[in-house]
Amino acid sequence: MTQKSLLITGGAGFIGSSLIRYLIAQSDYRVVNIDKLTYAGNLESLTEVENHPNYRFVQADICDADKMAAIFSEFKPAAIMHLAAESHVDRSIDGPAEFVQTNLVGTYTLLEAARAYWSQLQAEQKKAFRFHHISTDEVYGTLGENGLFTETTAYQPNSPYSATKAGSDHLVRAWHHTYGLPVILTNCSNNYGPYQFPEKLIPLMINNALAGKALPVYGNGQNIRDWLYVDDHVEALQLVLEKGKVGESYNIGGFNEHTNLDVVNTLCDILDELLPESSYKPHHNLIHFVTDRPGHDLRYAIDATKIQKELGWQPRETFASGLRKTVEWYLNNREWNQHIIDGSYQQQRLGLGGKHDKA
Ligand code: NAD
């Protein structure tokens, strides 16, 4: 049997690199990583697979239609997992254009390249082909104190980021209904874990705490997010790719709701314990409340019953075990971190609509 090729877009990002490391270790796929290497793409997250015979990297922009067509025709994939995106809400507030370009125009460009390739496949390969779109729970908008997002919750995105992800989900679904392209969608809650770019809450707090800098908590810190360890997400993605029903969407989440303030306090406790000699102990003294994000969604919480019941997925990590692993990883991988901090990202406050100040 010939080995199957899998295209992964955004494989140099946080979730994409975890997915590639996992698939190379656990599966026999020939993985082709397509990534533009924006500020968020980092090939240092892939050093453990870079020389593996089943791994290839192609630097390309998903908005480049000719390049996407050439990649499909060269690698003849059995499936594509589409993760490439502009992903940071605060950046989308300051500069939405890139989000519209990559998340909407890029997804459209990929759908068209996939459709042209798929339409000339033999019947059996055509049936087996998958376009798996990786999306977020933020497309559903915000919840009040009660309730959970299910796969049938109406879309009501509130930020430029979530609006472009919602639009890309609609495009993917439309390419299935209109052209028959075999698509699958997943909408996941907030991920955390190793190799996450330090503009996101958890690595930002860890890095600031290590440097004795203020830990900026937006508003009163009572916004609730539903947290999932990235490797649990990645296992779910492979399961959905291989066993999910064409045309359907699956919510992925760990039933793990915490306020932002709880998350930061827990991180401070772990750091106090792991760094007993730190002169910044107790780390929670570094917590500093700052102006809230405009339009900050109050609460996200995923109902993951469908993927659990239909596909048998269960997360392996609890929030306590995953958070501890994450802190330990950042403590043991300061070089990876340092290269990012030395680069273009200087941990400045984003998301105030153009005003950039130091967090
Ligand atoms: P990330 O920002 O860490 O990585 C995005 C990757 O996409 C980077 O490597 C970047 O270089 C690449 N990229 C951006 N624009 C590109 C373009 N035009 N062409 C090719 N490559 C491009 O993002 P992430 O956190 O790994 O998220 C991956 C996907 O998962 C996104 O689609 C995001 O919406 C979704 N998602 C993320 C989370 C989360 O908590 N991080 C939760 C649910 C869903």
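Guide: What follows is a walk through that sheet, its helices, and then a few other sites.

This is a predicted model, in which local features need pLDDT of at least 70, side-chain atom pairs count only at pLDDT 80 or more, and totals for chains, interfaces and linings use all residues. Residues are numbered from 1 along each chain as its sequence is written, and side-chain values use heavy atoms, with hydrogens and water left out.

Start with the layout. Two strands pair if DSSP finds at least two bridges between them. Strands are DSSP runs of E with at least two residues, helices are runs of H or I with at least four, and both are numbered from the N terminus. Angles run from 0 to 180 degrees between N-to-C directions, with axes fitted to C-alpha atoms, for helices over the stretch in contact.

Strand β6 covers residues 183-188 and runs parallel to β10, joined to it by four bridges. Thr-186 has Tyr-250 of β10 as its bridge partner. Asn-187 stands opposite Asn-251 in β10. Strands β5 and β6 also run parallel, with six bridges between them. There, Ile-134 has Thr-186 of β6 as its bridge partner.

How many residues of β6 are buried? Six of six are. Buried means under 20% relative accessible area, exposed means over 50%, and partly exposed lies in between (1.4 Å probe, protein chains only). In a regular strand the side chains alternate between the two faces of the sheet. In β6, Val-183, Leu-185 and Asn-187 point one way. Ile-184, Thr-186 and Cys-188 point the other way. Strand β10 is covered on both faces too. Ser-249 and Asn-251 are buried on one side, Tyr-250 and Ile-252 on the other.

Contact means heavy atoms within 4.5 Å.

Just after α2, Lys-76 takes a positive phi of about 45°.

Next, the ligand. It is surrounded by 28 residues, with Ile-15, Asp-35, Ser-87, Tyr-161 and Lys-165 the closest. A residue counts as near if one of its heavy atoms lies within 4 Å. An oxygen atom of the ligand is 2.6 Å from an N or O atom in the side chain of Tyr-161. An oxygen atom of the ligand is 3.0 Å from a polar backbone atom of Gly-13. A nitrogen atom of the ligand is 3.0 Å from an N or O atom in the side chain of Thr-102.

Last, a second sheet. This one is open, with three strands in the order β7-β9-β11 and mixed pairing. The edge strands β7 (190-192) and β11 (257-259) each pair on one side only. Neighbouring strands are turned by 50° against each other on average, direction ignored. Strands β9 (residues 224-229) and β11 pair in the antiparallel sense over three bridges. Arg-225 has His-258 of β11 as its bridge partner. Helix α9 (residues 260-274) packs on this sheet, touching β9 and β11, and its direction makes about 85° with that of β11.

Notes
A polar contact is a pair of N or O atoms within 3.5 Å; within protein, one must be able to donate a hydrogen and the other to accept it, and residues adjacent in sequence count only if both atoms are side-chain atoms.
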